[in-house]
Amino acid sequence: MNEKEFRHLSRKELVDIIYELEKRIEKKDAEIEDLQKQLEDRRILLNKAGNIADASLALNHVFEDAQKAADQYVSEIRRIKEDTEKQAKDILQEARKKAGQDG
């Protein structure tokens, strides 16, 4: 509608047009508000996802370090066991040698 057509409208028609435009504006404002809320919700979810990912990475490092420590502990226990078995074998061999000399 051009300016000339608007000038020929009655006051009631203009008020009706203004009223309809106000309703459209209110509806659009509500849509904008809803979309902004959805956007904020997504930002929160993305932040939470980022925080969860960071926590997961940190936990992975903790688990990796714990696994390394456990592997080192098991390795040390195996080494001690081997040393102890060798010492026991040496002692037994020495005892048999002495028993053979004495007998």
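This is a predicted model: local features need pLDDT of at least 70, side-chain atom pairs count only at pLDDT 80 or more; totals for chains, interfaces and linings use all residues.
Residues are numbered from 1 along each chain as its sequence is written, and side-chain values use heavy atoms, with hydrogens and water left out.

Let me start with the whole chain. How many helices and strands are there in the protein chain? There are two helices and zero strands, where helices (H or I, at least four residues) and strands (E, at least two) are DSSP runs numbered from the N terminus. The radius of gyration of the protein chain, taken over C-alpha atoms, is 43 Å, well over the 13 Å that the globule rule gives for 103 residues, so the chain is more spread out than a compact globule. That rule is 2.2 Å times the number of residues to the power 0.38. Along its principal axes, the C-alpha trace spans about 135 × 15 × 10 Å.

Buried residues make up 0% of the 103 residues in the chain, and here buried means under 20% relative accessible area, exposed means over 50%, and partly exposed lies in between, with a 1.4 Å probe and protein chains only. The accessible surface of the chain comes to about 10100 Å², of which 57% belongs to carbon and sulfur atoms; such areas come from the Shrake-Rupley method with a 1.4 Å probe, and for residues only the protein chains shown count as cover.

Next, the charges. Lys and Arg count as positive and Asp and Glu as negative, whereas His and the chain ends are not counted, and the place of a charge is taken as NZ of Lys, CZ of Arg, CG of Asp or CD of Glu. The mean positions of the 21 positive and 24 negative charges are 3 Å apart.

The structure holds 10 salt bridges, each being a side-chain nitrogen of Lys or Arg within 4 Å of a carboxyl oxygen of Asp or Glu. One of them joins Lys23 to Glu20, with the closest N and O atoms 3.6 Å apart. Why are Lys23 and Glu20 separated by about one helical turn? The reason is that they are three residues apart in helix H2. Lys23 is partly exposed at 39% relative accessibility.

Further along, Arg79 and Asp83 meet in a salt bridge of 2.7 Å, N to O, and these two residues lie four residues apart in helix H2, about one turn of the helix. Arg79 and Asp83 are also linked with Glu76 in a network of salt bridges. Lys86 and Asp90 form a salt bridge at 3.2 Å, N to O; Lys86 is exposed, with a relative accessible area of 52%, whereas Asp90 counts as partly exposed at 35%.

Finally, which residues form a negative surface patch? They are Glu22, Glu26, Asp29, Glu33 and Asp34. Patches are made of residues with over 30% relative accessible area and no salt bridge, with like charges joined within 9 Å and nonpolar side chains (Val, Leu, Ile, Met, Phe, Trp, Tyr) within 5 Å. Glu22 lies in helix H2, residues 11-102, and is partly exposed, with a relative accessible area of 42%.
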